[in-house]
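Here is a short note for a colleague coming to this structure for the first time. Please keep the view open while reading the points below.

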Amino acid sequence: MKLIENGVTPEIFTQLRKTGPFVEYDTEDIKYALKKTIYTVLVVNDENEPIGMARIIGDNKIAFIIKDVVVIPTYQRQNVGTMIMDQLLSYIKNHACQNAYVGLMSTPHKEGFYERFGFIRRPNKIYGAGMIMYYQGKGEI
């Protein structure tokens, strides 16, 4: 396996997301999003095939959001996700200010994986529930 920094393309993004429970996006929207992405990590196998990826969005100083963490099912539980997270957190460590916000939204039943890296579940005694919304377009929310 090999890790490639900033190697995620729209084609790879689409290919990997199709292996999990993720919504699909138009290619032009993916191209735009990747241009605005701070950092990506791509993992390829020995045949140079994409097997995992993730990206960081945010302002590169105070706020970092880890997005699109995907490892194809046949490579899960083989430390690919750990390799990706270690690289993302190393990047953040080198760019974040003191008390920077680092967030992510876990897919169901993967919360324990992220807790290994110091992430906490919400809600809890200190923090309210994390919340999301998927914008449906055409002025509808």
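1. A definition comes first. A polar contact is a pair of N or O atoms within 3.5 Å; within protein, one atom must be able to donate a hydrogen and the other to accept it. Please also bear in mind that this is a predicted model.

2. Start with Thr40. This residue sits in strand β2, which covers residues 39-44. The side chain of Thr40 reaches the backbone nitrogen of Gly7 at 3.3 Å. Is Thr40 buried or exposed? Thr40 counts as buried, because its relative accessibility is 6% and buried means under 20%.

3. The surroundings of Thr40 are worth a look. Setting aside neighbours within four places in sequence, Thr40 is in contact with Ile4, Glu5, Asn6, Gly7, Val8, Leu34, Ala54 and Arg55. One of these, Asn6, lies in the loop between β1 (2-5) and α1. Asn6 has a positive phi of about 55°, although it is not a glycine.

4. A second residue with positive phi is Asn60, where the angle is near 70°. Asn60 is placed in the loop between β3 and β4. Its relative accessibility is 26%, so Asn60 counts as partly exposed. Most residues other than glycine have a negative phi, and most peptide bonds are trans.

5. Now the peptide bonds. Arg122 and Pro123 are joined by a cis peptide bond, with omega about 5°. Pro123 belongs to the segment after α4. Please check this bond in the view.

6. Turn to Asp68 in strand β4, residues 63-71. Which side chain does Asp68 join in a polar contact? The partner is Arg17, and the contact between the two side chains is 2.5 Å. Asp68 counts as buried because its relative accessibility is 8%. Apart from neighbours within four places in sequence, Asp68 is in contact with Phe13, Arg17, Met53, Ala54 and Arg55. Ala54 and Arg55 are also among the contacts of Thr40.

7. The largest nonpolar core has 32 residues. Inside this core, Ile66, Ile84, Met85 and Leu88 have the most contacts. Two or more residues each come from α1 (10-17), α2 (27-35), β2, β3 (50-58), β4 and α3 (80-95). Which element gives the largest share of this core? That is α3, with six residues.

8. Not counting residues up to four places away in sequence, Ile84 touches Val41, Val43, Gly52, Met53, Ala54, Val70 and Val71. Met53 and Ala54 are also in contact with Asp68.

9. Move to the surface. Val23, Tyr25, Met105, Ile132 and Tyr134 form a nonpolar patch there. Together they have about 530 Å² of accessible area. Ile132 lies in the segment after α4 (111-115). With a relative accessible area of 54%, Ile132 is exposed, because exposed means over 50%.

10. Last, Pro108. This residue is in the loop between β5 (101-104) and α4. Is Pro108 buried or exposed? Pro108 is exposed, since its relative accessible area is 59%. How many residues separate Pro108 and Pro21 in sequence? They are 87 residues apart in sequence, yet 9.6 Å apart in space, C-alpha to C-alpha.

Technical notes. Residues are numbered from 1 along each chain as its sequence is written. This is a predicted model: local features need pLDDT of at least 70, side-chain atom pairs count only at pLDDT 80 or more; totals for chains, interfaces and linings use all residues. Side-chain values use heavy atoms; hydrogens and water are left out. Patches are made of residues with over 30% relative accessible area and no salt bridge: like charges are joined within 9 Å, nonpolar side chains (Val, Leu, Ile, Met, Phe, Trp, Tyr) within 5 Å. Accessible areas come from the Shrake-Rupley method with a 1.4 Å probe; for residues, only the protein chains shown count as cover. A salt bridge is a side-chain nitrogen of Lys or Arg within 4 Å of a carboxyl oxygen of Asp or Glu. Helices (H or I, at least four residues) and strands (E, at least two) are DSSP runs, numbered from the N terminus. Buried means under 20% relative accessible area, exposed over 50%, partly exposed in between (1.4 Å probe, protein chains only). Contact means heavy atoms within 4.5 Å. A nonpolar core is a set of buried Ala, Val, Leu, Ile, Met, Phe, Trp, Tyr and Cys residues joined through side-chain atoms within 4.5 Å.
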